[in-house]
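Subject: Structure handover and notes

Dear colleague,

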Amino acid sequence: MATQTTHSDGIPIIPESSANSGTRTTMNGNLKIKALPAEFYDRFLSDRAKKLQLSPIRGLYPLEKKPGVISLLAGKPEPSTFPFTSLTFTAKDPSKENSESTITISQDQLSPGLQYSDTAGIPDLLKWITTLQEIAHGRKHGMHASGEGEEGWRLSIGSGSQDLISKSATTLINPGDSVLVESPVYAGVIPIFKHMDCKQIEVPTDAHGIRASSLKEILENWPEGEKKPKLLYTVPYGCNPTGMTASLERRKEVLKLARQYNFIILEDDPYYYLYYGKSARPTSYFALEVTEPCGEEAGEPYCEVGRVLRFDSLSKILSAGLRIGFATGPEAILRKVDMLTANANLQVSSLTQLIAFRLLDSWGYDKFFVHTKNVSAFYAQKRDIFERELKKWLGGGVPEEGESDEGRLADWVSPEAGMFFWFKLLVDTPDNSSSQYSDEQDSRTLIETHAYANGVLALPGTVFLPNGSKTPYVRASFSLLTEEQVVEAMKRLRKTVLEVRSERANR
């Protein structure tokens with residue numbers, strides 16, 4: 001019988017002997033893992049982060065846990081005064097179709113969810129997700145005697161990954177810094193970086209991810225005397241907005257450049273578990289750190305780890321309303337992020353963390369992977385329906401009776417993960433493609449006027465470009481649409497493009 005090498009979700013199984021040793025056995029042979037020291041990150045921390053101090057109260061919380069200590073420390077309310085005594089909810093059983101299980105949280109179990117807790121997250125959920133990261137990415141989290149992880153990483157829970165991205169930006173960026181961002185880029189980070197008053201350096205992408213050759217060219221030709229970028233932001237799976245999933249080769253090239261030019265990769269991966277591509281799942285940057293050698297020491301290859309700060313989210317796979325995300329990366333950075341949380345909102349809701357943990361704990365890891373596989377299959381079917389109608393109405397398909405064949409009205413690349421299509425509206429006819437409108441076509445005007453008048457909306461591509469330049473591209477989400485709505489939306493977009501074409505032909 002063949003040995004199973006992947007979980008039901010297609011995520012590689014990390015052999016126990018590999019996950020619990022300081023040496024990884026990979027296709028490159030035995031690799032020694034070297035974690036970057038805490039002082040390495042001093043040059044990456046912002047001036048504001050360097051001034052942060054532990055909360056005078058929360059900084060002492062760990063001391064309360066010593067047996068025998070009577071704590072007069074925190075102003076925690078007495079739990080017996082809370083009106084909640086238990087919590088019961090039902091949830092789908094991923095392993096059985098149309099089956100539900102009932103989960104009851106007793107009064108004793110509920111108590112931690114009703115009280116203040118650790119800034120980084122409630123211990124049970126932190127432990128569960130830490131093991132998940134070990135399984136999914138092959139990273140070891142064994143602890144040194146000092147209490148720090150052997151590979152220098154840990155977790156912090158946030159109010160969604162956006163919360164953690166924003167706090168990480170505050171931790172790492174000074175005004176005037178240059179930050180490398182893939183382009184097009186997730187629109188939600190553009191105002192974050194603008195608020196930091198930094199320069200957003202756009203790195204072009206294509207269907208295979210960040211163009212490593214373009215990134216290399218930017219770095220090789222960096223102006224002499226100007227401070228080099230210390231961060232690169234990317235969404236490598238099912239990118240919002242382009243839908244692209246970065247290939248393994250591109251990821252390896254980018255990681256190599258990160259080591260060569262000394263920058264940290266901000267790996268924003270909310271669609272990691274929404275991968276439905278036919279090819280093998282590309283390895284995450286966080287996992288690549290322990291499989292890609294960066295040099296030799298005493299004649300033996302080694303991997304240097306600590307250049308990836310990873311962001312995950314439960315929003316796409318459990319509930320967006322739970323507002324739970326988690327950052328995984330260097331302890332020296334997340335320590336500062338936790339200080340920001342302690343000052344701003346103390347912690348993520350203990351109750352939503354507890355609910356998430358009880359659900360995940362009742363499933364176990366195998367059922368969790370079955371669930372994420374089911375979720376990705378759901379979006380794959382949604383993708384297929386959307387693309388079928390996109391081809392029919394905008395892709396040069398067979399016209400309806402009484403309509404003329406206008407050829408292709410849009411260009412796109414099929415996504416392999418996530419919930420978005422990124423397509424170019426071809427408002428210029430083939431015989432007018434060299435006109436002044438070809439290079440300067442702005443989808444914003446088309447969407448906000450013509451398309452909206454015809455009863456359909458999408459996001460103009462310009463909102464995903466940090467410099468706000470014009471683009472003929474639009475982003476369309478297919479996550480919530482019924483099949484009937486997709487058909488009607490494509491009809492309306494077709495009508496819109498043909499109307500604009502007609503207007504231009506008559507100018």
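Predicted model: local features only at pLDDT ≥ 70, side-chain atom pairs only at ≥ 80, totals over all residues.

Residues are numbered from 1 along each chain as its sequence is written, and side-chain values use heavy atoms, with hydrogens and water left out.

Helices (H or I, at least four residues) and strands (E, at least two) are DSSP runs numbered from the N terminus, and axes are lines fitted to C-alpha atoms, for helices over the stretch in contact, with angles running from 0 to 180 degrees between N-to-C directions. Helix α6 (residues 161–172) and helix α11 (residues 331–344) have axes that come within 9 Å and cross at roughly 110°, which means that α6 is roughly perpendicular to α11 (the term covers angles of 65 to 115 degrees). On the α6 side the contact (heavy atoms within 4.5 Å) is made by Leu164, Lys167, Ser168, Thr170, Thr171 and Leu172, and on the α11 side by Ile333, Lys336, Val337, Leu340 and Thr341. These residues divide into five nonpolar, four polar and two charged, where Ala, Val, Leu, Ile, Met, Phe, Trp, Tyr, Cys and Pro count as nonpolar, Asp, Glu, Lys and Arg as charged, and the others, Gly among them, as polar.

Helix α14 (residues 443–453) packs against helix α15 (residues 483–505) at an angle of about 105°, with the axes 10 Å apart, so α14 is roughly perpendicular to α15. Leu446, His450 and Ala451 of α14 meet Thr496, Val500 and Glu503 of α15 in this contact, giving three nonpolar, two polar and one charged by class.

As for cavities (sets of points on a 1 Å grid over the protein atoms alone where a 1.4 Å probe fits but cannot get out), a search of the whole structure finds one of 30 Å³ or more.

Finally, the backbone: the peptide bond from Ser183 to Pro184 is cis, with omega near 5°, and Pro184 lies in the loop between β6 (178–183) and α7 (190–195). Arg323, in the loop between β13 (308–313) and β14 (325–330), has phi near 55°, a positive value in a residue other than glycine.

Conventions: Parallel < 35°, antiparallel > 145°, perpendicular 65-115°, else oblique. 1 Å grid on protein atoms, 1.4 Å probe; cavity = no way out; pocket = protein on both sides within 12 Å on 5 of 7 lines; lining within 4 Å. Points joined across faces, edges and corners; volume = space filled by probe spheres on them.
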